[in-house]
Amino acid sequence: MTGWRLARAILIWVALALAIGVPIAAAATSEQLAWRGPVYILAGFAGIIALGLVLVQPLLIGGYLAPLSAYRGRRAHHWIGGTLAFAVVIHVAGLWITSPPDMIDALTFSSPTPFSPFGVIAMWAIFIVALLASLRRRLELRPRTWRIIHIPLAIVIVAGSVVHCLLIEGTMETISKVVLCVLVLAVTVKVMIDLQVWRKRRTLRGESGARSAAEGPGLL
């Protein structure tokens with residue numbers, strides 16, 4: 001790894017740690033925690049961690065977290081996806097324990113709070129992706145089929161999670177929360193653009209190679 005690549009990798013890791021760590025630290029100092037029970041606090045921090053993991057996922061699949069190789073990045077993406085689903089379960093279960101009527105309203109899309117439906121939609125998208133990922137081999141989903149299913153759901157997860165977080169006025173500090181949400185959106189968009197460009201280039205190279213093979217050697 002060259003000096004520039006090493007510096008870039010360190011910068012990305014430091015920025016990632018700050019993007020996730022600062023909102024957690026700021027929430028830990030919130031005055032609102034004094035009026036919350038331990039189960040509610042656990043549920044809230046599970047939600048913050050889940051949003052942080054949503055930021056990690058596109059970085060892994062885009063290959064930005066050096067020195068992880070492409071293979072290890074995909075494996076980490078798989079396992080962190082499971083961790084994300086588990087964090088969401090803790091988040092929802094904790095809120096259910098502390099206030100079942102509110103959770104019933106949220107899950108049935110009858111809650112008066114504007115942030116609830118976005119969180120519920122993102123939650124179900126996360127569960128669907130986690131379930132399909134665990135059954136991918138058994139269902140014999142091809143890479144192209146998996147991308148067709150996974151990418152729209154990933155967009156729903158990112159959009160729903162960000163809107164859900166921004167609309168909540170809770171323990172999270174506003175500026176660090178907004179920065180984290182903006183980073184989640186920006187990184188997701190960049191990775192999707194980069195992967196799409198890479199696939200187009202690969203397709204063009206494949207078509208060019210096939211054309212050259214079909215035409216045979218040219219005459220000078």
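A crossing of two helices counts as left-handed if the near helix is turned anticlockwise from the far one by less than a right angle. In this predicted model, that is how helix 3 passes helix 5. The axes of helix 3 (residues 70–98) and helix 5 (residues 116–134) come within 10 Å and cross at roughly 140°. Angles over 145 degrees would count as roughly antiparallel, so this pair is put down as oblique instead. On the helix 3 side, the contact is made by His78, Leu84, Ala85, Val88, Val89 and Val92; helix 5 brings Met123, Ile126, Phe127, Ala130 and Ala133. Sorted by class, that makes 10 nonpolar residues, 1 polar and no charged ones.

Between helix 2 (38–61) and helix 3 sits Pro67, which is joined to Ala66 by a cis peptide bond with omega about 10°. Phe109, in the loop between helix 4 and helix 5, has a positive phi near 55° despite not being a glycine. Glu140 is another non-glycine with a positive phi, about 55°, and lies in the loop between helix 6 and helix 7. With a relative accessible area of 68%, over the 50% cut-off, Glu140 is exposed.

Definitions and conventions. Residues are numbered from 1 along each chain as its sequence is written. This is a predicted model: local features need pLDDT of at least 70, side-chain atom pairs count only at pLDDT 80 or more; totals for chains, interfaces and linings use all residues. Side-chain values use heavy atoms; hydrogens and water are left out. Axes are lines fitted to C-alpha atoms, for helices over the stretch in contact, and angles run from 0 to 180 degrees between N-to-C directions. Helices (H or I, at least four residues) and strands (E, at least two) are DSSP runs, numbered from the N terminus. Angles under 35 degrees count as roughly parallel, over 145 as roughly antiparallel, 65 to 115 as roughly perpendicular and the rest as oblique. Contact means heavy atoms within 4.5 Å. Ala, Val, Leu, Ile, Met, Phe, Trp, Tyr, Cys and Pro count as nonpolar, Asp, Glu, Lys and Arg as charged, and the others, Gly among them, as polar. Buried means under 20% relative accessible area, exposed over 50%, partly exposed in between (1.4 Å probe, protein chains only).
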